[in-house]
Amino acid sequence: MAERRKSMHGEWSSRWVFIMAATGSAVGLGNIWKFPYITGENGGGAFVLLYLLCIAIIGIPIMMAEILIGRRGRQSPINTMATLAKEASHSPHWKFLGWSGVVAGFLILSYYSVIAGWALSYVFRSAGGSFDGASADEVGAIFDGLLASPESLLAWHTIFIVMTMMVVARGVRHGLEKAIRFLMPTLFMLLLILVGYALNTGAFSQGLEFLFSPDFSKLSQDSVLVAMGHAFFTLSLGMGAIMIYGSYVPHKASITGTTFYIAGADTMVALVAGMAIFPIVFANGLEPGAGPGLIFVTLPIAFGQMPGGLFFGTLFFVLIVFAAWSSAISLIEPAITWLVENKGMKRATASIGAGIVTWFVGVGTVLSFNLWSGYKLFDKTFFDLLDYLTANIMLPLGGLMIAVFAGWIMTKQATQEELHMHDHFGYRMWRFLVRYVTPLGVTVVFLNAIGVI
Ligand code: PHE
């Protein structure tokens with residue numbers, strides 16, 4: 001066996017800590033904000049089915065690949081790719097894959113932070129009682145008012161970037177780790193309380209039907225690509241976030257079991273969020289395809305009406321902020337580790353630099369909701385384009401290459417060693433998926449999106 005490497009950035013104290021951190025990365029705005037609104041835009045059940053299918057046959061094998069690559073390389077994704085490629089007698093140029101991940105991470109964080117800023121502002125709105133007894137129209141007006149103000153959006157975006165960089169500067173283990181342990185279960189409990197509320201809206205079965213009864217005629221040309229892109233986005237795959245977290249995993253930990261746990265938890269949170277939100281949408285005569293504002297115009301109505309809503313509403317938005325926070329740190333971690341390894345920077349300096357760059361790109365997203373809302377390319381605003389480019393193109397392409405790397409470039413012996421598997425059925429199945437099914441699946445979806453098939 002090759003000599004075991006050590007990460008210069010440290011190691012998780014246990015497998016559980018890794019599970020918490022990776023779940024913290026996976027569960028975020030993607031589950032609570034993005035999943036409901038894109039499901040609404042893409043007609044519901046059939047889209048959800050496609051998304052689940054992508055998680056199972058594309059997401060899970062790639063997550064295993066990312067963790068095992070990370071743990072074997074034990075460096076920033078850029079250096080890990082170069083090292084492992086050389087180890088397998090291939091070109092070190094594979095490090096471009098690490099680079100494309102770093103770029104994707106910056107781009108995603110730049111708009112992720114703006115949306116997290118909406119949630120931050122809602123914490124204060126909610127605590128101040130703005131949503132108390134508010135009608136759908138009143139909540140809609142509050143949300144529109146927020147989007148119309150570049151100053152407010154910019155202020156919240158700035159605060160979120162500073163929060164993220166403060167944690168990143170301290171290192172993953174001393175950063176959010178402790179908070180996440182408590183926050184994740186609380187978030188889940190609150191989602192269940194919301195489902196309880198949704199049960200009494202009178203539109204629960206309509207919500208469930210929308211989510212779970214597939215009607216393929218409702219899919220659009222783009223839906224399959226969006227479903228696949230979201231599978232990558234929600235599991236934090238294709239850009240090195242899970243790879244870098246994998247690089248801190250103790251050697252003994254089992255990768256397969258861990259992956260199922262993370263993917264399962266992530267999927268549960270998304271589905272439960274959907275079960276809470278759609279009944280509220282239908283009970284209030286709102287539009288499921290309302291777009292990125294969906295949860296920001298539906299949930300406040302629910303909290304505004306339920307007993308203790310001021311408290312639960314405020315807590316809920318606090319938890320969304322934390323979920324976003326624990327995802328945001330993983331978006332920038334690959335870049336930080338590279339700056340530390342190759343440029344000899346301190347984590348703190350690297351974090352400040354990365355924060356400034358991300359902040360500037362984020363200004364484009366802030367303006368795309370107001371001053372620049374008229375500027376469109378392919379009928380998309382700056383924010384729409386960035387979201388589309390990263391989630392639907394960069395992440396799946398990155399994931400495709402990661403699968404090829406794990407399946408075709410690394411030796412069988414190396415992947416078996418990391419997965420702690422012999423030539424058993426489980427291993428053969430995984431290898432078949434990353435070698436054939438995943439690359440082919442991603443390619444077919446791309447070809448379908450551009451109308452070739
Ligand atoms: N998975 C996160 C979410 O669902 C977003 C994310 C994407 C985080 C890619 C890291 C890497 O919100």
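1. The shell around the ligand contains seven nonpolar and eight polar residues, and no charged residues. The model is a predicted one, and the points below should be read accordingly.

2. In total, 15 residues surround the ligand. The closest of these are Ala-26, Gly-30, Tyr-112, Phe-233 and Ser-236.

3. A polar backbone atom of Ala-26 is 2.9 Å from an oxygen atom of the ligand, and a backbone N or O atom of Leu-29 lies 3.1 Å from a ligand oxygen atom. At Ser-236 the side chain takes part: one of its N or O atoms is 3.0 Å from a nitrogen atom of the ligand.

4. How much of the ligand's accessible area does the protein cover? On its own the ligand has 330 Å² of accessible area, and the protein covers 100% of it. Two or more residues of the shell come from each of the helices α1 (15-26), α2 (29-41), α10 (223-234) and α14 (309-343).

5. A separate point concerns His-251, which is located in the loop between α11 (241-246) and α12 (255-283). Is His-251 buried or exposed? Its relative accessibility is 17%, and because buried means under 20%, His-251 counts as buried.

6. With neighbours within four places in sequence set aside, His-251 is in contact with Arg-4, Arg-71, Arg-74, Glu-418 and His-420.

Terms used
Residues are numbered from 1 along each chain as its sequence is written. This is a predicted model: local features need pLDDT of at least 70, side-chain atom pairs count only at pLDDT 80 or more; totals for chains, interfaces and linings use all residues. Side-chain values use heavy atoms; hydrogens and water are left out. A residue is near a molecule or strand if one of its heavy atoms lies within 4 Å of it. A polar contact is a pair of N or O atoms within 3.5 Å; within protein, one must be able to donate a hydrogen and the other to accept it, and residues adjacent in sequence count only if both atoms are side-chain atoms. Accessible areas come from the Shrake-Rupley method with a 1.4 Å probe; for residues, only the protein chains shown count as cover. Helices (H or I, at least four residues) and strands (E, at least two) are DSSP runs, numbered from the N terminus. Ala, Val, Leu, Ile, Met, Phe, Trp, Tyr, Cys and Pro count as nonpolar, Asp, Glu, Lys and Arg as charged, and the others, Gly among them, as polar. Buried means under 20% relative accessible area, exposed over 50%, partly exposed in between (1.4 Å probe, protein chains only). Contact means heavy atoms within 4.5 Å.
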